[in-house]
Amino acid sequence: MMLLLIGSIVVLVGVYMLLVETIFKSSECKSSSDMVGKTVIITGGNTGIGKATACELARRGARVILSCRNKQKAEEAIKDIELETGSTDVVYMQLDLANLKAVRTFAETFLKTESRLDLLINNAGLVGDGRTEDGFGIQFGVNHLGHFLLTCLLLDCLKEAPSSRVITLSSMAHRWGVVKTELSRHVSLWQMVFVDPISRLFFLDPKAGAQTTLHCALQEGIEPLSGRYFACCTVQEPCSNATDDAVAKKLWDVSERLCGLSDTS
């Protein structure tokens, strides 16, 4: 009986180590680039991966704009970032991605008050039920449409800055979810009972989870890889639907229409 128990423990430890070194493997951004004189917008930058990303970019000298819905959380995050990095150039601008009118207001305010934009990091995201102010499903409305409109409205400003980049975070949740953030704060209690223990055991912490974002933001020479999907600081292939040009074109056209960017109704 004792041998059987020991054998089971050995197998479980082996499986755990295998998962940690493959599916849940961490990585590290190797770039030493500084961000002095550059301006960055990070949506949802008050917590999780966004906050960890903001902290590192502030440490490298960037002007970091945390675009978030919750002012109190943003101000608390700014205090933490300032304390850790010594930066005094981290600011808050209100952005509610669940309201397309609010997205337009944010873009108008930014373009009036800021002189440049070098890096837009579409980081905010959630999992949950409900509807946006515009009647869209909350996940589709916030995770996709809000960021789609924001990017389109800021695109001309981005083009004026040399070597500007747009980074849109996705999720490996279509295969595995793998970073411990507040992404699932809107899910039901029974879902949390299942998700939370797994996340505590396997998932990366936000600092480790931010490494791929930082790689895409800072690494020199990756411009030819624009539009590709990155995970663990390397180019990887997403699921087949994500590489279907016809599906992409349809999503783009529908997104333009739903955001009021196209001429067709």
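The legends below describe close-up views of one predicted model. Residues are numbered from 1 along each chain as its sequence is written, and side-chain values use heavy atoms, without hydrogens and water.

**View 1. Overview of the chain.** Among contacts (heavy atoms within 4.5 Å) between residues at least 6 apart in sequence, 74% join residues at least 24 apart.

**View 2. Packing of helix α5 against helix α9.** Helix α5 (residues 138-160) meets helix α9 (residues 245-258) at an angle of about 85°, and their axes are 10 Å apart. The axes are lines fitted to C-alpha atoms over the stretch in contact, with angles from 0 to 180 degrees between N-to-C directions. The two helices are therefore roughly perpendicular (65 to 115 degrees). F140, H144, L145 and F148 of α5 make the contact with L251, W252, S255, E256 and L258 of α9. By class, these residues are six nonpolar, two polar and one charged. Nonpolar covers Ala, Val, Leu, Ile, Met, Phe, Trp, Tyr, Cys and Pro; charged covers Asp, Glu, Lys and Arg; the others, Gly among them, are polar.

**View 3. Surroundings of T151.** T151 is in helix α5 and is buried, with a relative accessible area of 16%. Apart from neighbours within four places in sequence, T151 is in contact with L120, N122 and V166.

**View 4. Lining of the second largest pocket.** The space in this pocket is about 310 Å³. A pocket is an open set of points on a 1 Å grid over the protein atoms alone, where a 1.4 Å probe fits, with protein on both sides within 12 Å along at least five of seven lines; lining residues have an atom within 4 Å of a point. Of the 16 lining residues, A52, E56, R59, K207 and Q211 are the closest to the centre. Helix α2 gives the most to the lining, with five residues. The lining holds seven nonpolar, one polar and eight charged residues.

**View 5. Loop residue G37.** G37 lies between α1 (2-21) and β1 (39-43) and is partly exposed, at 48% relative accessible area. Leaving aside neighbours within four places in sequence, G37 is in contact with G61, R116 and D118.

Technical notes. Predicted model: local features only at pLDDT ≥ 70, side-chain atom pairs only at ≥ 80, totals over all residues. Helix = DSSP H or I, 4+ residues; strand = E, 2+ residues; numbered from the N terminus. Parallel < 35°, antiparallel > 145°, perpendicular 65-115°, else oblique. Points joined across faces, edges and corners; volume = space filled by probe spheres on them. Buried < 20%, exposed > 50% of the residue type's maximum accessible area, 1.4 Å probe, protein only.
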